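Trainee: May we go through the side-chain pairings and the packing in this structure together?

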Amino acid sequence: MFRSRALSRILWHQRINIRADYTRPCVVAASPFNNTNIYAKRNQSTVAVDEGYIKKFMNAVGWMDQNRTRLKLTGYFLYENIPDKVSYIDWFESLDLPDTFASWFTITELHVWMLMVRYMAEDVSTTPTEKKKYIKGDGHFVRNCIIEAMWADVGIKIKLLEGANPAIARKQVSELSEQFQASLVAYDEGLDDDKVLAAALWRRFYSLSEDVKAEHIERIVKFVRHQISDLDKIPSSELRWKPDIKWLSILDH
């Protein structure tokens, strides 16, 4: 009886003093009890029991699942990995793309899609009859977090553009969102067909311009195939927390 009340008091004080922030670990205040030796001893002898009880309590009071918090961090980390490590200048110069926000978004969008393909594959299960079935799970959750991080970054960048105002920014984000959804569908259709993928890339990167060099489209197709192949090699066990994503150079294709 006393033990149950004591644990409840600890949890209540922890709940008050925890600060939720996806960019840094939670900070919990010290135990409100003076007899720290007794508390420490109890914690050491019943770790498994206390952890299970705390998880149940957290779910009961509506705390964010710690597993999902970790996955959300992974989603944001994965997105940040794109603008941090992709050489946009190489894409602009080698593929005759204008150095504009629209080109930046198109390149970013393609990399985001490839990450989405890899994580969505984690939710595909095989039945005893060898039929593949998609079930929304952690892969779908991470996918959504990647997209969430992308739109947060886009919103910031649009606001920083010279002469931008809130009304224009909202309109631009809305237009980009529609283009993004259309691109995802087109790229998905080209997953197993180079010609379909080439057509989607031609439409998205060059607006079906007849002046574009065919080798530019071919290079992007080869890049996508090579990059997706590398992403597929990442073990499932490494996908849940800061996987080592190595973005290939467009210059090598």
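Mentor: The structure holds six salt bridges, a salt bridge being a side-chain nitrogen of Lys or Arg within 4 Å of a carboxyl oxygen of Asp or Glu. This is a predicted model, in which local features need pLDDT of at least 70 and side-chain atom pairs count only at pLDDT 80 or more, while totals for chains, interfaces and linings use all residues. Residues are numbered from 1 along each chain as its sequence is written, and side-chain values use heavy atoms, with hydrogens and water left out.

Trainee: With which residue does Lys-157 form a salt bridge?

Mentor: Side chains of opposite charge can pair when their charged atoms come close. The closest N and O atoms are 2.8 Å apart, and the partner is Asp-153.

Trainee: Is Asp-153 buried or exposed?

Mentor: Buried means under 20% relative accessible area, exposed over 50%, and partly exposed in between (1.4 Å probe, protein chains only). Asp-153 has a relative accessible area of 15%, so Asp-153 is buried.

Trainee: Which helix holds Arg-225, the partner of Asp-194?

Mentor: The side chains of Asp-194 and Arg-225 meet in a salt bridge of 2.7 Å, N to O. The pair links distant parts of the chain, 31 residues apart: Asp-194 lies in helix 9, and Arg-225 in helix 10.

Conventions
Helices (H or I, at least four residues) and strands (E, at least two) are DSSP runs, numbered from the N terminus.
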